Amino acid sequence: MSQVNSKKLDIVIKRAYENAMPEDGYRVLVDRIWPRGRSKVMLKLDQWARDLAPSADLRKWFGHDPKRWEDFQQRYRSELDTEEKREQMRSLLSETDGRIITLIYGAKDQEHNQAIVLRDVLLHLHEG
């Protein structure tokens, strides 16, 4: 069992427009586009995982339409299901050094966004 899998992984999700807090742990922006009106200082990121965000085509197709949520999840999981993306996710997990991971996203919709899907994929990858 690898070092990454040795303990429970705690991943939380937070909008980019909420204030950064010390308890956020390792903060990762998971949008392909920088959140409008937010500075690097405001976001206090440890990483911008732009390459783990949904493709531009998928993001535009989805448009945060709740009716497309189920299809979006499947399509986004398919995008993440490559060896390159899995390696990027494993790297992200190892860089956090056991800290809480906070996935930061810019969308207004708190129930239908890529951070939810990515969290589930990361947890699954961690559990092996």
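Where do Trp69 and Phe72 both lie, and how many residues apart are they? Both are in helix 3 (residues 69-80), three residues apart, which is about one turn of the helix. Helices (H or I, at least four residues) and strands (E, at least two) are DSSP runs, numbered from the N terminus.

## Basis of the model

This is a predicted model, in which local features need pLDDT of at least 70 and side-chain atom pairs count only at pLDDT 80 or more, while totals for chains, interfaces and linings use all residues. Residues are numbered from 1 along each chain as its sequence is written, and side-chain values use heavy atoms, with hydrogens and water left out.

## The sheet

Strands of a sheet pair through backbone hydrogen bonds, either parallel or antiparallel. Here four strands form an open sheet in the order 1-4-2-3, and the pairing is parallel. Strand 1 (11-15) and strand 3 stand at the edges with a single partner strand each, so one side of each has no neighbour in the sheet. Two strands count as paired if DSSP finds at least two bridges between them.

Strand 1 is joined to strand 4 by five bridges, and Ile13 has Leu103 in strand 4 as its bridge partner. Strand 4 (residues 101-105) also pairs with strand 2, over four bridges; there, Ile101 is the bridge partner of Tyr26. Strand 2 pairs with strand 3 over two bridges, and Leu29 has Trp48 in strand 3 as its bridge partner. Along strand 2, Tyr26 and Val28 point one way, Arg27 and Leu29 point the other way, and all are buried. Buried means under 20% relative accessible area, exposed means over 50%, and partly exposed lies in between (1.4 Å probe, protein chains only).

## Aromatic rings

The structure holds five aromatic pairs. Rings of Phe, Tyr and Trp (its six-membered ring) pair if their centres lie within 6.5 Å; planes under 30 degrees apart count as stacked, over 60 as edge-to-face and the rest as tilted. One of the pairs is Trp34 with Trp48, edge-to-face, at 5.1 Å centre to centre and 75° between the planes. Trp34 lies in the loop between strand 2 (26-29) and helix 1 (40-43), and Trp48 in strand 3 (residues 47-48), so the pair ties together parts that are 14 residues apart in sequence. Trp34 is partly exposed at 26% relative accessibility, and Trp48 is partly exposed at 29%.

Trp69 is buried, with a relative accessible area of 11%, and Phe72 is buried at 1%. Phe62, Trp69, Phe72 and Tyr76 form one aromatic cluster.

## Charges over rings

A charge sits over a ring if NZ of Lys or CZ of Arg is within 6 Å of the ring centre and within 35 degrees of the ring normal. The charged end of Arg50 sits over the ring of Trp48, 3.7 Å from its centre. The charged end of Arg75 sits over the ring of Trp61, 3.9 Å from its centre.

## Cavity and pocket

Rolling a probe the size of a water molecule over the atoms shows where empty space is left. On a 1 Å grid over the protein atoms alone, a cavity is a set of points where a 1.4 Å probe fits but cannot get out, and a pocket is an open set with protein on both sides within 12 Å along at least five of seven lines; lining residues have an atom within 4 Å of a point. Grid points are joined across faces, edges and corners, and a volume is the space filled by probe spheres set on the points.

A search of the whole structure finds one cavity of 30 Å³ or more. The largest cavity holds about 50 Å³ of space, and its lining includes Phe62, His64 and Phe72. The largest pocket holds about 410 Å³ and is lined by 18 residues, of which Asp31, Ile33, His64, Gly106 and Ala107 lie nearest its centre.

## Positive phi values

Most residues other than glycine have a negative phi, and most peptide bonds are trans. His64, in the loop between helix 2 (56-62) and helix 3, has a positive phi near 55°. This residue is partly exposed, with a relative accessible area of 29%. Asp97, in the loop between helix 4 (83-95) and strand 4, also has a positive phi near 55°. Asp97 is exposed, with a relative accessible area of 67%.
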